Amino acid sequence: MPSPDSSRGSLTSEDVRRHNLGLVALALTSGPLSRSELALETGLTRGAITSLSAELIEHEIVRESDRIAPEGRGRPKTLLELSATDVALIIATLDADRVEAVVSTLDGQRLARFSRRHGRPIGDPGPVVDALAQVVSEALAHAASVGRPLADLSVVVWAPVGGSPAVVLADTDLGWERVDLIGLLQQRLPRLRAAQIPLIADTSVAALEEHADAGSPPHLVYLKSDSGIGGAVFADGRALTGAAGWAGMLGHLPVIADGALCECGQHGCLVTVAGPDALLANAGLTDVADTDGLDAALERFVTGVRDGRRGFVDAWAAALPHVARTLQIALLTVGADHVVLGGYLAAFAEDIADELARIAVRAGGATPPQVTASRLGAEAALLGAERAARLRMIDTLLG
Ligand SMILES: [Zn+2]
């Protein structure tokens, strides 16, 4: 609650209030709740919930439901629900092999999924965007056919994103340099309003979901590798973004002095020694990646290491110290004590924890960081994109 002495902090109290309004609205995206359930869910006091829900009802964001909670002890409780629940969120995704568009509800149900392979025409965005426009059209048509107005459409790419308006900075899997993906999509679907379609890097939404799944610790370092190596750094509860959205690009920490030239222009980036391409080449699996895809090749790699196959074990042993060193640098930069690993790295959480413990700070009673493997796997990015869409929708509702 705002402090009674708000003479020097009216903006701050307003921020807190808006944040709390958002918390209440967000809790209701998973379905109707009573005021006391909302208090439990959000950690706010019952009094705060009464006042916040009155404001949300006044602005027609929330309404009292016709349904009432089943009678337990005491009188039945009126449930609150969001006014606009019958909407659709559409998340379009583009990775090295395929495009997809998922139609989701606010409470995370997936109503439909449209998917196709784009054929990986290296260096030519045209056919890829054609395929993307196709699945987005199908998703829009599906949402319309079930009578759900579109509340949010976003596009997630397995590549770094930056600039304003946001563009794909480079996609090494597709041989792209800078590509204005949303602009190209709008040329094919003119009724879309490009300014309202966020373009998001998979790592940033995967990190958002992994951070929530880890219990939202204030300081956390996230590192994942499925194509390239991506990361995110949380400090004081928020993911750092940096000047051009480059914060947390841990795959491009130049950890080896005078190392190999990286596609980013630096030498000795982590990705040049521990990225999928480097690992698979060292393990003799490049052909498998070419024929069966990167995911299948990485699975073979992980199994090979677990089975103790010599070439695979050696390839991982060469990469491990660099992965740990990169994490240690990131951990010390923000004073984090928790690491979450995604992609192929999740399979090696124990090795990475051991190596981090070996190189950790020993002075001052410091303890090694907690290291956990992602429980969400490849779903993290989509789940995170749905979470981000809910947050944007509530932000828009709050005005
Ligand atoms: Zn690099």
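Predicted model: local features only at pLDDT ≥ 70, side-chain atom pairs only at ≥ 80, totals over all residues.

Reader: Which domains does the assignment give?

Author: The assignment gives domain 1 (10-82), domain 2 (88-197) and domain 3 (204-380). Such bounds come from an automatic or database domain assignment. The C-alpha centres of domain 1 and domain 2 lie 34 Å apart.

Reader: How many residues are in the largest nonpolar core?

Author: That core has 43 residues, and F301, W316 and I352 have the most contacts inside it. A nonpolar core here is a set of buried Ala, Val, Leu, Ile, Met, Phe, Trp, Tyr and Cys residues joined through side-chain atoms within 4.5 Å. Buried means under 20% relative accessible area, exposed means over 50%, and partly exposed lies in between (1.4 Å probe, protein chains only).

Reader: Which element supplies the largest share of this core?

Author: Helix 11 does, with 10 residues. Among the other elements that each supply at least two residues are strand 11 (220-225), helix 10 (294-306) and helix 12 (349-359). Helices (H or I, at least four residues) and strands (E, at least two) are DSSP runs, numbered from the N terminus.

Reader: And what does W316 touch, apart from its sequence neighbours?

Author: Leaving aside neighbours within four places in sequence, W316 is in contact with L279, F301, V305, V323, Y344, L345, F348, D351 and I352. Contact means heavy atoms within 4.5 Å.

Reader: What does the second, separate core include?

Author: The second core has 42 residues, including L44, I61, I91 and A232.

Reader: Changing topic, how much space lies in the second largest pocket?

Author: About 1,100 Å³ lies in that pocket. On a 1 Å grid over the protein atoms alone, a pocket is an open set of points where a 1.4 Å probe fits, with protein on both sides within 12 Å along at least five of seven lines, and lining residues have an atom within 4 Å of a point. Grid points are joined across faces, edges and corners, and the volume is the space filled by probe spheres set on the points.

Reader: Which lining residues are closest to its centre?

Author: Of the 45 lining residues, D95, W158, D226, D295 and A378 are the closest to the centre. By class, the lining has 19 nonpolar, 9 polar and 17 charged residues. Ala, Val, Leu, Ile, Met, Phe, Trp, Tyr, Cys and Pro count as nonpolar, Asp, Glu, Lys and Arg as charged, and the others, Gly among them, as polar.

Reader: Where does that lining come from?

Author: Domain 2 and domain 3 each supply at least three of the lining residues. The largest share from an element, 6 residues, comes from helix 10.

Reader: Now some single residues. Is S225 buried or exposed?

Author: S225 is buried, because its relative accessibility is 0%. S225 belongs to strand 11. Not counting residues up to four places away in sequence, S225 touches A274, P276, G342, G343, Y344 and L345.

Reader: Why does N20 count as buried?

Author: N20 counts as buried because its relative accessibility is 12%. This residue is in helix 1 (residues 10-28). Beyond four places in sequence, N20 is in contact with L44 and L52.

Reader: What about E138; where is it found?

Author: E138 is found in helix 4 (residues 125-145). E138 counts as partly exposed because its relative accessible area is 24%. Leaving aside neighbours within four places in sequence, E138 is in contact with F114 and R116.

Reader: Which peptide bond is cis?

Author: The bond from S164 to P165 is cis, with omega near 0°. P165 is in the loop between strand 8 (161-162) and strand 9 (167-168).

Reader: What is the phi of D236?

Author: D236 has a positive phi of about 50°, although it is not a glycine. D236 lies in the loop between strand 12 (230-235) and strand 13 (238-239), and at 64% relative accessibility D236 is exposed.

Reader: And D258; where does that residue lie?

Author: D258 lies in the loop between strand 13 and helix 7. D258 has a positive phi of about 55° and is not a glycine. With a relative accessible area of 78%, D258 is exposed.

Definitions and conventions. Residues numbered from 1 in each chain as written. Heavy atoms only, no water.
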